[in-house]
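Biologist: Hello! Could you walk me through this structure, one question at a time?

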Amino acid sequence: MLPADLEAAIRASWSPASCDPADAPWPPENPSRGQCNVTALVVQDHAGGDIVRSTVLHADGTRQGLHFWNRLPDGSEVDLTREQFVDGEVVQDAIAEIQERPADISHGRVYQQYLALSERVSAALQQ
């Protein structure tokens with residue numbers, strides 16, 4: 001189980017700066033939209049475990065994108081961003097797989113978004 005203060009800090013820290021560019025502009029009325037990849041990385045930073053990845057499909061079966069969440073060391077799964085999906089977008093749990101974390105994410109596509117979320121979460125936890 002994820003500590004309540006960590007979950008609250010993450011949810012309060014989502015912003016346009018941490019949103020995946022594919023989901024821009026960030027919708028404040030659906031704050032978890034575009035936050036799954038960086039949220040999974042930040043949860044792993046603080047709680048360990050694995051990152052799980054799966055495909056998301058539209059109702060017509062076409063691919064919407066990917067979804068990321070966490071499997072903690074105790075085997076429980078934490079998905080803080082599942083609610084981002086709108087009607088007809090379905091996470092394909094049956095084909096979920098462990099996602100290898102890059103050894104150095106500072107060269108990845110999501111680095112700036114990860115850095116924005118990580119810094120805000122750390123600041124919130126220090127308050």
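This is a predicted model: local features need pLDDT of at least 70, side-chain atom pairs count only at pLDDT 80 or more; totals for chains, interfaces and linings use all residues.

Biologist: Within what arc do the buried residues of H1 fall, seen down its axis?

Modeller: Helices here are DSSP runs of H or I with at least four residues, strands are runs of E with at least two, and both are numbered from the N terminus. Buried means under 20% relative accessible area, exposed over 50%, and partly exposed in between (1.4 Å probe, protein chains only). In H1 (residues 4-13), Leu6, Ala9, Ile10 and Ser13 are buried. They line one face of the helix because the directions from the helix axis to their C-beta atoms fall within an arc of 100°.

Biologist: Is threonine 81 buried or exposed?

Modeller: Threonine 81 sits in the loop between strand S3 (77-78) and strand S4 (90-91). Its relative accessible area is 1%, so threonine 81 is buried.

Biologist: Which residue forms a salt bridge with arginine 11?

Modeller: A salt bridge puts a side-chain nitrogen of Lys or Arg within 4 Å of a carboxyl oxygen of Asp or Glu. For arginine 11, the closest N and O atoms of the pair are 2.9 Å apart. The partner lies in the loop between S3 and S4, 72 residues apart from arginine 11 in helix H1. That partner is glutamate 83.

Definitions and conventions
Residues are numbered from 1 along each chain as its sequence is written. Side-chain values use heavy atoms; hydrogens and water are left out.
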